[in-house]
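The following paragraphs consider a pairing of charged side chains and then a packing of helices. Please keep the sequence and the coordinates in view while reading.

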Amino acid sequence: YFCRKKVKNYFYYLIFFLGLIGIFGVPLFNGYGGVTSDSIHYFRLAERFPNVEWSVFPLGYPAVLRFFHQFIPDYFWAGHLLNAFLYVLIGVFAWVKKFHFKETVILLCTKFFLFSFFNVISEGIYLTLLYFVVYFFYEFFQGKLKGVAFYLPAGVLMALMFTLRYSSLYITLAFALFYLLYYQKGKRFFKNDYFYFLVVSFSGIASYSLFNYFNFGDFAGERFRNKPYLTFFSEDFFRNLVSIFNSFNPVFGIKLSEGITLSKFVVEFFLM
């Protein structure tokens, strides 16, 4: 029994190591090398940083890319080095802190993390910060963290997530909604650590939004974006529908081909 248990534990270390090899190896066997159209925009922003003239993409990820570019003067390898660093950071942290190491390794093997680490995109560092936010909340609800040790680093992480992807605002709003539901009968409604976490988070988000406004004339790149489609049953509608179902499946992903027709949608829906 103890022998099987020990060998079983080693499998997680092996999987973790193979994942690290995959982060470097898989992009080399892809036709696009893990560099998407978004990656090109990030490279341009990183090269011009801090003299950027538009705010469609927040500046957090280009700034980090520019930092790693100091060690490897090639944005392709700098991006993949960053992904490998983030991957190792999560795994080593979970192992040192004994924070659900096996579950963390499984999490790193899901399509969400692998896709983010195979490609030079902001999702990798974004999910890394979100992982640490989850850690702080886990420790908070376990009663192991409280006061400034909880709400300051957790709030700063949420604010930094906004500098990576504007969509993190919705996650922060979800935290606020949970707070209202969870503490609706509490006597210390505005005097607890969770509330201070929200204050730090929204203060950081507001600060970066004001930075955008005074430098680019908008809060989250809305001045540079195209107008949304007003047609309800458009191609984007079906893509979003499939994306919702994909979020429930952590292993396989179905990506609709370009020029979608009803027959293609039915086939891919059946496969999903």
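Is R165 buried, partly exposed or exposed? With a relative accessibility of 27%, R165 is partly exposed, where buried means under 20% relative accessible area, exposed over 50% and partly exposed in between (1.4 Å probe, protein chains only). The model is predicted: local features need pLDDT of at least 70 and side-chain atom pairs pLDDT 80 or more, whereas totals for chains, interfaces and linings use all residues. Residues are numbered from 1 along each chain as its sequence is written, and side-chain values use heavy atoms, leaving out hydrogens and water.

Side chains of opposite charge can pair when their charged atoms come close. One salt bridge is present in the structure, the term denoting a side-chain nitrogen of Lys or Arg within 4 Å of a carboxyl oxygen of Asp or Glu. R165 and E123 form this bridge, at 3.1 Å from N to O. Because R165 lies in the loop between α8 (148–162) and α9 (168–182) and E123 in helix α7 (residues 123–141), the pair ties together parts 42 residues apart in sequence. E123 is likewise partly exposed, at 24% relative accessible area. Helices here are DSSP runs (H or I, at least four residues), numbered from the N terminus.

The second topic is helix packing. The axes of helix α4 (residues 75–96) and helix α5 (residues 101–108), lines fitted to C-alpha atoms over the stretch in contact, come within 8 Å and cross at roughly 160°. Angles run from 0 to 180 degrees between N-to-C directions. α4 is therefore roughly antiparallel to α5, a label for angles over 145 degrees. In α4, Y87, I90, G91, A94 and W95 meet F101, T104 and L108 of α5, contact being heavy atoms within 4.5 Å.

Conventions
Helices (H or I, at least four residues) and strands (E, at least two) are DSSP runs, numbered from the N terminus. Angles under 35 degrees count as roughly parallel, over 145 as roughly antiparallel, 65 to 115 as roughly perpendicular and the rest as oblique.
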